[in-house]
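Work through these exercises with the model open beside you. Try each task before reading its solution.

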Amino acid sequence: MTAPVFLLTPETIEPADAVASAGTGTVLMLTGPEARHAVTVKRLRAQERVDLVDGAGLRLLCEVTGAGVGGAKDRLAVRVLERVEEPEPSLRLALVQALAKGGRDEQAVETATEVGVGLVLPWQSERCVSVWQGAKQAKGRQRWQATALQAAKQARRARVPEVEEVRDTRRLADWVGQTVRSGGVVLVLHEEASTPISTAMESVRLPAPGQAPLALAVVVGPEGGISPEETAALEVAGATTVRLGPHVMRTASAGPVALAVLAHASGLWE
């Protein structure tokens with residue numbers, strides 16, 4: 001079984017500069033809620049394996065040397081076995097997810113994170129029943145980011161997806177235009193499209209080694225669907241409308257399934 005993953009930040013580790021300085025043989029102390037989960041829920045004990053990640057590609061492969069140190073249930077002592085800097089993939093998968101009721105949007109974020117998404121953009125589409133206004137914008141974004149963090153730990157990822165601020169259709173079209181001009185590809189999932197998603201990778205040109213990752217995004221509408229006006233605006237900005245498959249999927253599943261197809265076709269899962 002793979003080692004459980006815990007978040008490594010200046011607030012969760014002693015010494016606080018471990019992200020920059022930890023190497024093979026370094027002894028660290030995991031603290032706070034992360035350590036409490038390791039000690040009381042995972043019930044980790046000495047000599048068991050654990051990985052500490054910073055969410056940006058650093059992974060410290062560790063061995064537990066002591067759990068509940070000093071009788072405290074929020075302290076876990078570990079020794080670093082290896083420091084690994086995981087490179088950023090050449091393709092950065094992105095999910096543009098319309099807000100949805102009943103937690104279906106958060107479900108999409110969770111599963112997309114397990115698939116390997118690197119960027120999540122909440123979208124306030126015309127037909128969204130759920131609306132983020134005022135304080136709800138910050139709270140909604142924080143909730144999605146927390147969902148992405150927990151899913152990344154569950155998936156044993158060293159990188160946690162970034163959740164950006166919510167966008168309306170006009171601002172989303174601006175983002176699509178910038179992404180396409182930078183060489184990225186944006187695919188709008190639409191049940192009436194004639195182009196299958198399987199052909200999308202034909203237009204993707206992987207960046208050369210050392211170059212910035214290329215964005216490969218999918219846009220998922222709300223339960224009520226994407227309006228013709230929104231579809232047109234995104235296409236004018238440079239997006240391509242594609243069909244995911246022969247069946248119509250719910251907003252919670254369409255994005256993760258599309259990203260899985262693209263991850264496999266691009267070789268990210270090899």
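**Exercise 1. In which loop does Arg43 lie, and is Arg43 buried or exposed?**

Solution. 
- Step 1. Arg43 sits in the loop between H2 and strand S4 (49-53). Helices (H or I, at least four residues) and strands (E, at least two) are DSSP runs, numbered from the N terminus.
- Step 2. Check the surface. Arg43 has 56% relative accessibility, so it counts as exposed. Buried means under 20% relative accessible area, exposed over 50%, partly exposed in between (1.4 Å probe, protein chains only).
- Step 3. Check the backbone. Phi of Arg43 is near 55°, a positive value in a residue other than glycine.
- Step 4. Look at Gln47, also in the loop between H2 and S4. Gln47 is not a glycine, yet its phi is positive, about 80°. Gln47 counts as exposed, because its relative accessibility is 65%.
- Step 5. Recall the rule. Most residues other than glycine have a negative phi, and most peptide bonds are trans.

A note on the source: this is a predicted model, where local features need pLDDT of at least 70 and side-chain atom pairs count only at pLDDT 80 or more, while totals for chains, interfaces and linings use all residues. Residues are numbered from 1 along each chain as its sequence is written, and side-chain values use heavy atoms, with hydrogens and water left out.

**Exercise 2. What is the strand order of the open sheet of six strands?**

Solution. 
- Step 1. Write the order: S1-S4-S5-S6-S3-S2, with mixed pairing. Two strands pair if DSSP finds at least two bridges between them.
- Step 2. Find the edges. Strand S1 (5-7) and strand S2 (13-14) each pair on one side only.
- Step 3. Strand S5 (residues 58-67) and strand S6 (residues 75-85) run antiparallel, joined by nine bridges. Ala67 has Leu76 in S6 as its bridge partner.
- Step 4. Helix H2 (residues 32-41) lies across S1, strand S3 (27-31), S5 and S6. Its direction makes about 95° with S3. Axes are lines fitted to C-alpha atoms, for helices over the stretch in contact, and angles run from 0 to 180 degrees between N-to-C directions.

**Exercise 3. Which residues does Ile13 touch, not counting residues up to four places away in sequence?**

Solution. 
- Step 1. Locate Ile13: it belongs to strand S2.
- Step 2. List the contacts (heavy atoms within 4.5 Å). Ile13 touches Leu8, Ala18, Leu28, Met29, Leu30, Thr31 and Leu52.
- Step 3. Judge burial. Ile13 counts as buried because its relative accessibility is 3%.
- Step 4. Move along to Pro15, in the loop between S2 and helix H1 (18-21). The peptide bond from Glu14 to Pro15 is cis, with omega near 0°.

**Exercise 4. How many aromatic pairs does a search of the whole structure find?**

Solution. 
- Step 1. Apply the test. Rings of Phe, Tyr and Trp (its six-membered ring) pair if their centres lie within 6.5 Å; planes under 30 degrees apart count as stacked, over 60 as edge-to-face and the rest as tilted.
- Step 2. Count: the search finds one pair.
- Step 3. Classify. Trp132 and Trp144 are edge-to-face, at 5.2 Å centre to centre and 70° between the planes.
- Step 4. Trp132 is in the loop between strand S8 (119-123) and helix H4 (135-154), and Trp144 is in helix H4.
- Step 5. Check burial. Trp132 is buried, with a relative accessible area of 5%. Trp144 is buried too, at 0% relative accessibility.

**Exercise 5. Which way do the side chains of S10 point?**

Solution. 
- Step 1. Sort them. Val185, Leu187 and Leu189 point one way, and Val186 and Val188 the other way.
- Step 2. Check cover: five of the five residues of S10 are buried.
- Step 3. Find the neighbours. S10 pairs with S11 in the parallel sense over four bridges. Three bridges join S10 to strand S12 (residues 240-242), also parallel.
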